[in-house]
Each structure stands twice: as structure tokens, then as C-alpha cells.
Amino acid sequence: MLTIQLVGCRVTAGADLMSDTKYLFKRDETWWVKVAVPRSLRDTLGCDLRRSLKTRDLETARAARQDVVDEFRRKIQQTREHQANQTTCSDSLDLPPGTGFEIVTRENFSDVTFLLEVSAPMLAQAAQPGQFVIVILHTHGERIPLTIADFDRKAGTITLVIQAVGKSTLEMQQRCQPGSRLYSVAGPMGFPSHLGTKKVVCVGGGLGVAPIFPQLRAFKESGAYVIGVVGFRNKDLIFWEDRFNQYCDELIICTDDGSVGIKGRVTLGVEAALEKHADVDRVVAIGPPIMMKACAETTRPFNVEMVVSMNPIVVDGTGMCGGCRVIVGDETKFACVDGPEFDGHKVDFDDLMSRLGRFRKQESQAMDAWKVTAGAT
Ligand SMILES: Cc1cc2nc3c(=O)[nH]c(=O)nc-3n(C[C@H](O)[C@H](O)[C@H](O)COP(=O)(O)OP(=O)(O)OC[C@H]3O[C@@H](n4cnc5c(N)ncnc54)[C@H](O)[C@@H]3O)c2cc1C
Ligand code: FES
């Protein structure tokens, strides 16, 4: 008869091993020892951390189990150290002069949002409001689309404002300092914003506050009456108020906690602006999809043109991969080559939000793997 006696099963060994599995069980007259760490950790470290042993003696089995656990711990530690060293060498941002794109300034707006001014003279010459670039941090980096939040043709720089939300943006937050170099910055991509309006409301919320700035400035320089509406969680997170004031005929600040300006979401500011100015001919909104959707619904009854800047998952940025597909009215469009700006009253925001969540599992695996190898906190 087969008898199986479990002595220890799914024992959590501590943060370094995450949750390992250590089985010790008896089948017939033989003690079996099985030790394994989770597949995700094995894949990340690239070593086989599974072992299966059998013995007739319980004490020998217990000792063997402990030996294997100790051996795995040593191996994990060594592999982490080795990979961390490799990361420092090959993923360096310390590129030789003449290669990459030098970061000339860094400013932190909050614990998650920061600004990088990057030397890219040709890009700065060509950039127009509403366009974006694709950044690769280092040789092993992924492609990250980022809006050109500002550009200075004379200084030959472009400005990026980044919110650290996942593996790559957190890595940028940790590692990008003045003097270091981004491996690649490609662009400018997408169509520039269409100007040609007399009175415009420019709305920026969350991530959209910085990218709305060059548009708002361009509207002002083209002679339009500009009303800025910007939203922050609280007054400590407000940035660029002076810049906005310089180019806005009216600036409405909204804060979630009411510490400055209107208490509540940017839609309240949009509503106030539209009620005060019946002759507004366009509203432009940039920010999280849920915010742009709310702006579209707020403006619909006012019968005003509504433009939103879409932020779907962008991979190649050339219209080839289809990753950035968005539904606008009855049509399927690619944000990277047809946009990123579209008619906000026609965009299917629910589809956009569901597509943005498609890779959540892989994104969280990438983050875990990076934390393990880079020792990030
Ligand atoms: C045209 C455009 C302009 C953008 N401008 C800015 C900007 O100025 N500042 C800024 O901070 N962010 C901007 N984004 C969003 C930024 O690209 C993502 O936050 C970033 O790619 C996340 O990568 P991650 O590895 O840090 O996070 P991940 O953990 O990989 O992803 C976090 C979330 O970001 C989104 N995301 C992931 N990969 C991509 C991708 N390749 N393309 C688009 N979204 C992605 C998904 O919703 C995902 O759930 C822009 C996106 C687009 C499409
Ligand atoms: S990002 Fe590939 S088609 Fe737009």
C-alpha cells in the first residue's frame, strides 16, 4: 500500500526566497525531499532551483532538505550579485560623448513626477506641440513613448515630464541624472496639434499637465484667447504655475482637496470656463483616459469641439505593429501615425482603458524581475 506522510509543505522561507516549497514526505518506506522556488524567480535568475531526493532515514532526509535550502539561498544570492554587476556594466547610462542623448537638467516635481531636459538639437528643431518621442533608457531598455512637454530650439533641448508608474519609468526615476545619457530618443512622432482657434480651453490633469503646456503656448502665440485648466491632488504638487500664467489669459487650478482653486476634478473648471465663455470654440484635454472621458462628457452638451491626446500602448511608433489601435467613431485608427490627437466626442475610452490593462501581468512580472536583479526597493 502507498502511504504518503507530509511533514512540511509550502513553507515560506523569508523574503529572499520569496515563497519556496519544501516538501518532505514518506512514500512506502522511503522519505522524499522536494525543494523548489517559484517558476517566476527561477526564470528571472535563469537557474534551475528544483531538487528531488529520496532516502530511507528521516534524519538524513531532514538534513538533506536543509542542505538544499541553504544551497539555493547561496545560489540565489550569487546570481543576484552577478546579474547586478552585469546590469551596471552593460546597462550603463554613462555613454561616451557623441553617443546617446545627454540629460542636462533634472527637476523633481513630486515623489513620482520628475522632469528631464535632454540635449537633442535636431529633435528640438523639428518638434511641434502635441508630438511625442520614443525613449530607450539603455541597451536592454524597452521603448517608452513620452510627450515632448517643451522644447528649446536655441538651447537644442527637449523637455520630458515623466511619472514613475512601472519598471521602465521607475528605473528612469532612479538612474537619470544630469550628465548621464539616454541610449536612444526617436522622434518627433505623431501629428502636431492643429491650431487655428480663437478661444480655447486647454485642460491638463495628472500626467497631462506638462504636455498641455506647449500646446497652450502655441495657441497663445497664434493669437488665441487661452483659458488653462490644470488639476493636481493638492497644492504641494502644483508645478509650472508661473509658466502657465505667462501664456494663459485665465488660469483655473483645481485640487482634489481644495487646498488651492476649485475643490474637485478638472471637469468643474471646464464647466466653469464654458459657462462663462459661450464663444469657446475648442477644448483640448490631456491626461489619464478616465479624465479625458469625463471632459468629453462635460463638454458634449456645450456643443464645442473636443480634442483629446490618446495614450494607448505604443510599440514601434510607425504604424506597423497595431499596438496603439484606438476606436474613433466607426473607424480604427493608430495613435502613433494618425494621432495622438482625436475627436474626444468620438473616442471609445472604455476600449482604450481595457487595452491599456492587457499586459498588467507581464508588467508586474517585469517589475518583480527588475527589483530582484537591480535590488530596487
Ligand atoms: C503618445 C504617448 C505619450 C505619453 N506621454 C507620457 C509622458 O509625457 N509622461 C509619462 O510619464 N508617460 C507618458 N506616456 C505613458 C508612458 O509611455 C507609460 O507610462 C510608460 O510606457 C510605462 O512604462 P513602465 O515600464 O514604466 O510601466 P509598465 O508597468 O510597463 O506600464 C504601466 C502602465 O503604462 C501603460 N504602458 C505600458 N507600456 C506602454 C507603452 N509602451 N506605451 C504606452 N503606454 C504604456 C499601461 O497602461 C500600463 O498599464 C505616454 C504614452 C503615449 C502613448
Ligand atoms: S505603435 Fe505600432 S502601430 Fe502605432
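Here is a short walk through the predicted model, from the whole chain to the ligand shell and then out along some strands.

Before you click, note that residues count from 1 along each chain as its sequence is written, with chains lettered from A and ligands numbered from 1 in the order in which they are written. Because the model is predicted, local features need pLDDT of at least 70 and side-chain atom pairs count only at pLDDT 80 or more, while totals for chains, interfaces and linings use all residues.

**Stop 1: the whole chain.** Color by secondary structure and you get 11 helices and 21 strands. These are DSSP runs numbered from the N terminus: H or I over at least four residues for helices, E over at least two for strands. Of the 377 residues, 37% are buried, meaning that 20 or more other C-beta atoms lie within 10 Å of their own, with C-beta atoms placed from the backbone. Among contacts (C-beta atoms, placed from the backbone, within 7 Å) with a separation of 6 or more, 62% link residues 24 or more positions apart.

**Stop 2: ligand 1.** Select its shell, 23 residues, where being near takes a C-beta atom, placed from the backbone, within 6 Å of the molecule. T147, G166, S168, T169 and E363 come nearest. Now show β8 (143-147), β10 (157-163), α4 (167-175) and α11 (360-374): each supplies at least two shell residues, and β8 gives the most, with four. Color by class and you'll find 14 nonpolar, six polar and three charged residues. Here Ala, Val, Leu, Ile, Met, Phe, Trp, Tyr, Cys and Pro are nonpolar, Asp, Glu, Lys and Arg charged, and the others, Gly among them, polar. Domain 2 (101-190) and domain 3 (199-356) each put in at least three residues; their bounds come from an automatic or database domain assignment.

**Stop 3: back along β8.** The hairpin between β7 and β8 passes through six residues. Zoom in on V135 to see its bridge partner in β8, I144.

Stop 4: Select β14 (residues 225-232) and β15 (residues 250-255), a parallel pair with six bridges. I227 has E250 as its bridge partner in β15.

Conventions. Pairing = 2+ DSSP bridges. Buried ≥ 20, exposed ≤ 12 C-beta atoms within 10 Å, placed from the backbone. Contact = placed C-beta atoms within 7 Å.
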